[in-house]
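Visitor: I would like to learn how to read a structure like this one, feature by feature. Could we go through it slowly together?

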Amino acid sequence: MSRPPNRKILLGVTGGIAAYKACDLVRRLRDRNFDVRVVMTASAREFVTPLTFQALSSNPVHCALLDERAEAGMGHIELARWADLVLVAPATANLLARLAHGFADDLLATLCLATTAPLVLAPAMNQQMWQAPATRENVRTLRDRGVEMLGPAQGDQACGEVGPGRMLEPEAIAVRIESRFRGGALEGVKVLVTAGPTREALDPVRYLTNHSSGKMGYAVAAAAAEEGALVSLVSGPTALPAPSGVDRVDVTSAEEMHAQVMARAARCDIFVAVAAVADYRPAHRAEQKIKKGDGPGALDAALDLVRTPDIVAGVAALADRPFTVGFAAETESVEAHARDKLERKGLDMIAANRVGLPDRGFASGCNALSVLWRDGGRREFPLASKAELARSLVGLVAERYRAEHPA
Ligand code: C5P
């Protein structure tokens, strides 16, 4: 297959343990038809050999600034001009500091100064180093200059600590780079998604919940990320892995989901409420496991329930609200109920589906949607996989959002 033009990536690799993941990143970029040339710092070569990158990229690897043979081939200025995008993964704290201060003390830093191509960094370092005031300031400086930061992610670190500083997974980086080149329909738009069920505790061992698997919400989050959106996913308990490039926040109850959504809603452009939030929770959560029996407070007695906050209606009521999309799962009169919900909750759009049929909904991998929006518009998406439906829905959301917010 011939390679489309303008897909040349200069990949800088610096000396962190995540350098080994850069090998996989080269593969994933090449799988997407990018032409990749690798530049390694001296400390990166302590972790991985240039030969590995040469074999994976099918291009010579560039290491030294003052190398006569390399300059006779593709000199450093030529290399800087060659790139359509400069990506550094992993980018150490040291590299961030050198770039923030405009150093040109090795080949990679020099190329970053000499190029006019966009610069994207995937930081990777110990969590304390990432949170150090000097690094925070360097990141701010670089962002202010238009440098894009991918990650870092939260999680276990090679040093045994837990926190922000892990390099994003190669697949997530490749997805992001691909969508930059493709110019996704939601490039740079901030999207917040809720997914999954909530659990409302009765006592330390029991809870009220529903059959939601989270599949549809996760598919919506993944589809938005593929279109270049910056996606946060507030998720109830599910067994699903976070989609590539999506920032996931785990919650358990409706109240926790409400708090996490409200903390982010005013800063996002689009909110898609896919979660099957419990409408009621037990009025009291017993400290100890409730015993069976007839006495007051026993399990056989009637449960006192109270309403949970309506998250999507709360977001729709904000003064500076995002474009707000709700879901409606109905067993009958789908369209009438959905239209009523659209009005009552003050939404911009609602995606309605019929549940209770064996071939769709909840745990199934398939679904069908009727999407309605404010000025009376509607579109039907027939039975398809949730991934496909999510792509169609995100396409429509982007269309309606752009109609209201022309770029
Ligand atoms: O009223 P109903 O629960 O059918 O509305 C469904 C829509 O409202 C979904 O988008 C769901 O995510 C959202 N919802 C919510 N908070 C609730 C209940 C529902 O955000 N407490």
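Guide: Let us start at the ligand, where a backbone N or O atom of proline 309 lies 2.8 Å from a nitrogen atom of the ligand. Such a pair is read as a polar contact, meaning N or O atoms within 3.5 Å; within protein, one atom must be able to donate a hydrogen and the other to accept it, and residues adjacent in sequence count only if both atoms are side-chain atoms. Please keep in mind that this is a predicted model, in which local features need pLDDT of at least 70 and side-chain atom pairs count only at pLDDT 80 or more, while totals for chains, interfaces and linings use all residues. Residues are numbered from 1 along each chain as its sequence is written, and side-chain values use heavy atoms, with hydrogens and water left out.

Visitor: Which residues come nearest to the ligand?

Guide: A residue is near a molecule or strand if one of its heavy atoms lies within 4 Å of it. Of the 13 residues around the ligand, those that come nearest are Ala273, Ala275, Pro309, Phe327 and Lys341. An oxygen atom of the ligand is 2.6 Å from a backbone N or O atom of alanine 273, and an N or O atom in the side chain of lysine 341 lies 2.4 Å from a ligand oxygen atom.

Visitor: How many helices and strands does the protein chain have?

Guide: Helices (H or I, at least four residues) and strands (E, at least two) are DSSP runs, numbered from the N terminus. The protein chain has 14 helices and 19 strands. As one case, helix H10 covers residues 215-226 and reaches 16 Å from its first C-alpha to its last, close to the 16 Å expected at 1.5 Å a residue; the expected span is 1.5 Å times one less than the number of residues.

Visitor: Is H10 mostly covered or mostly open?

Guide: A residue is called buried under 20% relative accessible area, exposed over 50%, and partly exposed in between, using a 1.4 Å probe and protein chains only. H10 is mostly covered, since nine of its 12 residues are buried, among them Met216, Tyr218 and Val220. After H10 comes glycine 228, whose phi is positive, near 90°.

Visitor: What is a salt bridge, and how many are found in the whole structure?

Guide: Side chains of opposite charge can pair when their charged atoms come close. A salt bridge here is a side-chain nitrogen of Lys or Arg within 4 Å of a carboxyl oxygen of Asp or Glu, and the whole structure holds 25 of them. In one of these, arginine 321 pairs with aspartate 348, and their closest N and O atoms are 2.9 Å apart. Arginine 321 lies in the loop between helix H12 (311-316) and strand E16 (323-330), and aspartate 348 in the loop between helix H13 (334-344) and strand E17 (349-354), so the pair ties together parts that are 27 residues apart in sequence. Arginine 321 is partly exposed at 28% relative accessible area, whereas aspartate 348 is buried at 8%.

Visitor: Which side chain of opposite charge is nearest to arginine 37?

Guide: Lys and Arg count as positive and Asp and Glu as negative, while His and the chain ends are not counted. Arginine 37, in strand E2 (residues 35-40), is buried yet has no salt bridge, and the nearest side chain of opposite charge, aspartate 35, is 5.6 Å away.
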